[in-house]
Number of protein chains: 2
Amino acid sequence: NEYQPGHSVDCAIFGYQDQELKILLMKMNFGEFYTLPGGFIKIDEHIDAAAQRVLYDRTGLKDLFLEQFYTFGAKERPTLWDIKNEKGEPLFQQVSEVNSKFAKWLENRFITTGYFAFVDIEKAELTPDMTSDSCHWVNVDHLPELLLDHSFIVQKCLEQIRIQLNYLPISKSLLPEAFTMQDVQKLYEAILGIKLVRSNFQRKFLKLDILIRLEKKMTGASNKAPYLYMFDEEKYNALLQKGIGLF
Amino acid sequence: NEYQPGHSVDCAIFGYQDQELKILLMKMNFGEFYTLPGGFIKIDEHIDAAAQRVLYDRTGLKDLFLEQFYTFGAKERPTLWDIKNEKGEPLFQQVSEVNSKFAKWLENRFITTGYFAFVDIEKAELTPDMTSDSCHWVNVDHLPELLLDHSFIVQKCLEQIRIQLNYLPISKSLLPEAFTMQDVQKLYEAILGIKLVRSNFQRKFLKLDILIRLEKKMTGASNKAPYLYMFDEEKYNALLQKGIGLF
């Protein structure tokens, strides 16, 4: 009885690359299945710590700022037993033959708590665990078929991030150290899934007063070169504390 | 095995009365213990439905807009077995003698999912269940000692509501149909736990453009009578969808 019965954690890890918002998926080593990195909670483990451990075990990522975003507890949530192989048989039949107690445990109704984090894709070194063939960064707008209700979990997470974007400055971990206003706008557009009016966006974002303006970015047409910016660490953190909204 | 093992729900129900933010507490029928209305999840029940059912069973309140705000999963969370009577004995020892299986089940490590809602105190008819002496509306700034980690749960909930206040217009359910700008400001101050500058608050709040201005409120000094307002249903709901922040 090492694990908390009927409860799991799932991690939605986002990165930003080639002006696309991407999410980290595991390709399972059976069939063509993709899944969020997730797993179980030890009986004597904080669920937040479980999320960190599971993410590390499954992907090699550690010390991320994982934030809880929702707990999924529909009675209809599928379990691993609902996964069928190409013959239409439950894939966990095989597991059942090897470890019937564990397989039985997996038949129970599961509630899962979702966590998300942003990472710098360039710096993220991935080491998939034994249950997976590989880890992939996939554009959130073009997700493959995901196991269980993981597509729903991703959509709910994006919804929460879009709300957060409205009251917090976006995580620095998604932008390079120096960036143009266009880079910021593209990032916001990728997350929100909509186009933003450039002049409005620039005015509102600059008004937050969390950026330091650097020299112009050198391009061919030097008179039209855009400014480079970086975050003012102190002001950025103060705004993180305070939020963007009414007060 | 009717209930999901190791998982509960707890409800933080807020109301606003006499310019104070209040929360609904149950006074247990053993000792001087106060608690949030909470309970267990049936094996075949959506956790959101469990929160509605538990709240109804324990307080008589139904059809509230209950919103999930956090799942508490510290391994150190106290259980009902940690409650001691005046002799220092576990209070659940007695339960154990009556129903040892249920008592044993309660010894397990529990994770709880918190839900909150706002209600109109004047309209809320309360019917406490058998485990409680009575239901009470208590000022959030003057909470009595709460069972288990319920004080922590209330604080975390207030934190989340303060964030929401920053990107959503506050729930109409907390204000009377017609109100003055001072009423709105007092409500915001009660939730945020800080004083706000009147001119700033009024300007920012009116700028949201979700109010309809009615005639002046008649007072003795009629030239200083404040305007009454009500929410513009359509604009209020549109803003609820959109949020207050950057975009």
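What percentage of the 247 residues of chain A count as buried? I looked this up before anything else, keeping in mind that the model is predicted. The value is 51%.

**Chain A as a whole**

I listed the secondary structure next and found seven helices and nine strands in chain A. I then took the box along the principal axes, and the C-alpha atoms of chain A fill roughly 70 × 40 × 30 Å. For the accessible surface of chain A I noted about 12,700 Å², with 51% of this area belonging to carbon and sulfur atoms.

Of the contacts between residues at least 6 apart, 70% join residues at least 24 apart.

For charge, I counted 29 positive and 34 negative side chains in chain A. I noted a distance of 8 Å between the centres of these two sets.

**The two copies**

I then compared the interface residues. In chain B, 100% of them are also interface residues in chain A, so the copies meet through the same surface.

**Aromatic rings**

I counted the aromatic pairs over all chains and got 37. One of the pairs I opened is A:Phe40 with A:Phe102, which is edge-to-face, at 6.5 Å centre to centre and 80 degrees between the planes. This pair links distant parts of the chain, 62 residues apart. A:Phe40 sits in strand E4 (residues 38-42) of chain A, and A:Phe102 in helix H3 (residues 100-107) of chain A. I checked the cover of A:Phe102 and found it partly exposed, with a relative accessible area of 33%.

I went on to A:Phe116 and A:Phe118.

Which residues form one aromatic cluster with A:Phe116 and A:Phe118? I wrote down A:Phe14, A:Phe69, A:Tyr70, A:Phe72 and A:Phe152.

Methods. Residues are numbered from 1 along each chain as its sequence is written. Chains are lettered from A and ligands numbered from 1 in the order in which they are written. Side-chain values use heavy atoms; hydrogens and water are left out. Contact means heavy atoms within 4.5 Å. Helices (H or I, at least four residues) and strands (E, at least two) are DSSP runs, numbered from the N terminus. Buried means under 20% relative accessible area, exposed over 50%, partly exposed in between (1.4 Å probe, protein chains only). Accessible areas come from the Shrake-Rupley method with a 1.4 Å probe; for residues, only the protein chains shown count as cover. Lys and Arg count as positive and Asp and Glu as negative; His and the chain ends are not counted. The place of a charge is taken as NZ of Lys, CZ of Arg, CG of Asp or CD of Glu. Rings of Phe, Tyr and Trp (its six-membered ring) pair if their centres lie within 6.5 Å; planes under 30 degrees apart count as stacked, over 60 as edge-to-face and the rest as tilted.
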